[in-house]
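This report describes one protein model for a reader who has not seen it before. Please look over the sequence and the structure first.

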Amino acid sequence: MLESVTKNIFQYAAQNRVLNKAARRWGLKFGAAQVVAGETIDSAMKVAKELNDQGLVCTVDHLGEFVSSREEASEATQYCIDTLDKIAETGVNCNLSLKLTQLGLDIDYGFCLDNMKKILETAKKHHNFVRIDMEDYSHCQLTLDMLAELRQEYDNVGTVIQSYLHRSLQDVKNLKGIPLRLVKGAYKESPEVAYQDKEKVDENFMAIIKEHMLSGSYTAVATHDHHIIAKVKAFAEENQISRDQFEFQMLYGFRTNMQVELVKEGYTMRVYIPFGNDWFGYFMRRLAERPQNVAFALKGFFSK
Ligand code: FDA
């Protein structure tokens with residue numbers, strides 16, 4: 001009961017435009033620095049390099065939510081291009097994750113599509129890959145529509161499918177051959193479109209993982225859930241799916257020992273590194289996911 005109240009509060013805060021905008025001026029607060037790799041590209045590159053040195057590969061995400069003007073979306077586009085250039089310049093093993101609303105999806109679909117093409121051209125020049133994060137349900141179909149358009153011209157782009165959505169198994173079937181990151185889902189969604197029960201979400205998570213892995217498509221399983229990770233390892237063994245056909249992904253600052261252990265066992269482990277001053281929504285979603293993260297954040301708050 002208490003857990004679901006806290007979850008709702010953090011999910012509400014994550015989606016609150018005023019709080020998100022205000023937090024940009026605060027600097028990394030309340031322990032956010034433990035899970036956000038600083039505010040600049042250079043700080044993100046430094047973290048990526050350190051993780052590479054431990055055998056982990058990375059993806060970076062310049063945080064940004066509630067973009068409402070073309071100017072902001074163009075700035076975010078340029079930031080993604082600069083980040084790809086910086087990755088190439090520093091030579092880190094790292095790709096790019098981004099959100100379409102940052103690039104103007106809520107302003108104009110065509111404008112956002114053009115911004116994505118500029119980013120993918122740069123990624124192609126550097127032989128790099130771009131992952132479109134999946135946002136809330138209201139953006140899901142638009143994201144998949146844009147992915148389909150982009151894939152006609154670029155093969156260095158993929159997206160994310162959330163197992164809490166009723167539609168996800170069918171989406172994964174439709175996306176055969178496209179590199180997907182599979183996750184449980186981080187937004188507050190209604191029972192009309194999403195499973196509310198953890199067991200159903202987990203069951204569907206394994207169903208979409210199996211579907212994508214068996215179809216021979218490159219699969220990124222993004223979770224901190226050791227039960228799921230153990231099941232994926234066993235499934236890959238049983239079905240002779242080689243380790244270069246899938247990878248695990250976790251967020252920066254979470255289960256760091258397990259991240260390194262997976263590398264030692266011979267799996268590819270990619271760490272998602274968020275950076276930038278628009279950290280609030282991201283941080284609130286992490287607090288909503290796991291009550292223990294609140295203690296973690298408070299520790300950070302009092303140690304500041
Ligand atoms: P979950 O939170 O369900 O935990 C399951 C169990 O695992 C817990 O009960 C506990 O036993 C263990 N556990 C979990 N975290 C732990 C910790 N820190 N320490 C110890 N034990 C722990 N979402 C989305 O909607 N769109 C997206 O694009 C993305 N992208 C994305 C990328 C990456 C790399 C990751 C890892 C996640 C995302 N997500 C996401 C978020 C995702 O949807 C989901 O909300 C979170 O990963 C939380 O779910 P988990 O599967 O990690 O385990």
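## Overall build

The model is predicted: local features need pLDDT of at least 70, side-chain atom pairs count only at pLDDT 80 or more, and totals for chains, interfaces and linings use all residues. Residue numbers start from 1 along each chain as its sequence is written.

The protein has 12 helices and eight strands; these are DSSP runs numbered from the N terminus, with at least four residues (H or I) for a helix and at least two (E) for a strand. The C-alpha trace spans about 50 × 50 × 45 Å along its principal axes.

The table gives its two pairings, where pairing requires at least two DSSP bridges between the strands.

| Strands | Sense | Bridges |
|---|---|---|
| Strand 5 (residues 180-183) and strand 6 | parallel | three bridges |
| Strand 6 and strand 7 (residues 246-251) | parallel | four bridges |

L182 stands opposite V221 of strand 6. From strand 5 the chain passes through helix 8 (residues 198-214) to strand 6 in a right-handed β-α-β crossover, that is, clockwise from the first strand over the helix to the second when the strands point away from the viewer. On the other pairing, T219 has F246 in strand 7 as its bridge partner. Strand 6, helix 9 (residues 226-238) and strand 7 also form a right-handed β-α-β unit.

## Core and ligand shell

The largest nonpolar core has 75 residues, and L182, V271 and F283 are among those with the most contacts inside it. Such a core is a set of buried Ala, Val, Leu, Ile, Met, Phe, Trp, Tyr and Cys residues joined through C-beta atoms within 7 Å.

The ligand has 21 residues around it, and A222 is one of those that come nearest, along with D133, V183, T223 and H224; a residue is near if its C-beta atom, placed from the backbone, lies within 6 Å. Strand 7 gives the most to this shell, with three residues.

How values were computed:
A residue is buried if 20 or more other C-beta atoms lie within 10 Å of its own, exposed if 12 or fewer, and partly exposed in between; C-beta atoms are placed from the backbone.
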